[in-house]
Amino acid sequence: MNSTSLSRFQFLPILALAFTMVLGGYFYNKTIDSWLTRIVSGYMLNLIDDVSHQIENRHLDLYDMQPAEIDAFLDQLSQSANNQRFTIIHSTGRVLGDSQLNQREIRGLDDHSQRPEVLSALAGEDGVSKRYSESIHQEMLYVAKKLELLDDEHDHSSVYILRLAKPMTSLYGMATDLKLILYALMASSMIVLVGSSWISQRKILQVVNHERQQQEKRIEKSTREIELLHQLANMLAACNSVKEAQVVVADIVPRVLGNINGCVSIMRESRNQLEVKLDWGGTWPSSKVYAPNDCWALRKGKYHLSHEKHHNLTCNHMNELSGQGTTLCIPLTAHGNTVGMFHLYFGEHDKLIGDDTKQLAFTLAEHLGLALANLSLQEKLRSQAMRDPLTGLYNRRYFEETMDAEWSKASQEKTELSLLMLDLDHFKRFNDNFGHDAGDYVLKEVANLLTRTVDDGHITCRLGGEELAIICPYTGVTDASILAEKIVEQVRELHLDMKGLSLGQLGVSVGVATFPELNAMPDEMVKAADTALYQAKDNGRSQAVHSSIKAKDLTDKKKPAQSDVLPLKQK
């Protein structure tokens, strides 16, 4: 945009203001005249009311009074000063007195019954009119009001019109003063607008030139970012594994974002853990494995910046940093599902995260989400269903994977992990006595009970038949024992009624093992929990037993000492 274009456009507000002033001046003149007439007529009506009260208080018979007496009464009124003309008119239209006319002039007046203000007053309204007076040769404002006196013995009407007239010159003077003020303001506004338009034109030219330079820089930067994002999308589409994607991401993403540490964590098939698979800008400084609830972004369903103007909330998976540095977490979605998380670590609290950086991060997250979804699809096609079709609980395959993962996490974070192995007591009796439908019904009821009882962070699995297992991360010996006892009690109290047929009471035996009290590998923990389960059955069933077997004792099956099990409830 050149200076000629700006010069052409700068006159538009001036022309618009001039047109508005002319139009506004026209309506202002009409409005001010109407407003002043309304104000002055209201004041004059108040004066008429005062004179009416005086006439009524003196009990004057205006019709029978001599003209000289009426003139004397009107002349002594304080309200008749300042060129204010009072006139008394009978309802027949005859003028009885006028404060500014002599007797001869009054007798020469015509019938006033058809005057607009008199007609309005006779109708019971406030009569107001403006017209030229032939008697005093001035434009006057007339205000009239009806005055009703007490009837007397004379045969004439006791209705009169009290009229007050005021020269319009005083109104025009007041209006002229207000108009001069308005015209002065309009002229000042025009001068200010013309001057400010000239100054603003010069400033606008400077801003436009500066903005053009900045825009060229932004276009150059955006072009480079688009090329890099296009290259990233092409390379990720060509990858066959997450390992290959790691190489591509580590090379291209730092070119887009700069020197910022970041990573991408993938949601596992169980959807209860995320694991860091891709990183760049150095080793990721926090947890490599974490639960979905550990990230605010996953809870909110949108991005989360740890340090903003109104909060300082760091995700739990970044607790290893002790609150140092700012992190940005963005969910990776594809085909309507969350497939992972995109994390950036900026390293400084007071570092301002600009909108450009956020937008780049959102774009990268979109590309990475689609790429990772395509890569994980290959693994999903090879994986089997993770849930038991009858009970809806996780199956043995999922149990084995989750047990290994939770054990690894507990070992890495030095946290506790408990495993509960469950077996329904005399379950074969339900199949033999009531049929397999009853057995299926019992399994479903127990599964529903366990789903209601265990915490959200615990994983309940059906290993096969009537064998069940519960993996309890971050759960120690005491909490695991309490949970096991609770399950035993609730299963014992479970009312089994299928189609009106009572199936009797059900019992469950539970074996418990806890890491790191039992410092053993996952498969050894399973064996320890199984041993405790068998001990519970030997002790009379429908109870829970916690194992204190050491890892080295699991291979020694010839000496199962009685002290190796701790019964939680005696029968």
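**Close-up views of local features**

View 1. Arg 541 is partly exposed, with a relative accessible area of 32% (under 20% is buried, over 50% exposed and anything in between partly exposed, with a 1.4 Å probe and protein chains only). This is a predicted model, in which local features need pLDDT of at least 70 and side-chain atom pairs count only at pLDDT 80 or more, whereas totals for chains, interfaces and linings use all residues. Residues are numbered from 1 along each chain as its sequence is written, and side-chain values use heavy atoms, with hydrogens and water left out. The loop that holds Arg 541 runs between H13 and strand E18 (544-547) (helices, H or I, have at least four residues and strands, E, at least two, both being DSSP runs numbered from the N terminus). Phi of Arg 541 is near 65 degrees, a positive value in a residue other than glycine.

**View 2. Arg 271 and its positive phi.** Between strand E6 (261-267) and strand E7 (274-280), the loop includes Arg 271, a residue other than glycine whose phi is positive, near 60 degrees. Arg 271 has a relative accessible area of 44% and is therefore partly exposed.

View 3. Pro 516 belongs to the loop that links strand E17 (507-515) with helix H13 (522-538).

View 4. Ala 410 lies 250 residues from Tyr 160 along the chain, and the C-alpha atoms of the two are separated by 108 Å. Lys 166 is also in strand E5 and, at 15% relative accessibility, counts as buried. With neighbours within four places in sequence left aside, the contacts of Lys 166 include Val 40, Met 44, Asn 82 and Leu 141. Met 44 and Lys 166 are 122 residues apart in sequence, yet their C-alpha atoms are 8.5 Å apart in space.

**View 5. Salt bridges.** The whole structure contains 14 salt bridges (a side-chain nitrogen of Lys or Arg within 4 Å of a carboxyl oxygen of Asp or Glu). One of them pairs the side chains of Asp 110 and Arg 115, at 3.0 Å from N to O; Asp 110 is partly exposed, with a relative accessible area of 49%. Another joins Glu 117 to Arg 163, with the closest N and O atoms 3.0 Å apart. Because Glu 117 lies in helix H4 (residues 116-122) and Arg 163 in strand E5, this pair ties together parts that are 46 residues apart in sequence. Both Glu 117 and Arg 163 are buried.

View 6. Arg 255 and Asp 251 form a salt bridge whose closest N and O atoms are 3.3 Å apart. Both residues lie in helix H6 (residues 242-257), four residues apart, or about one turn of the helix. Arg 255 counts as partly exposed at 46% relative accessibility, and Asp 251 counts as partly exposed at 41%.

Methods: Contact = heavy atoms within 4.5 Å.
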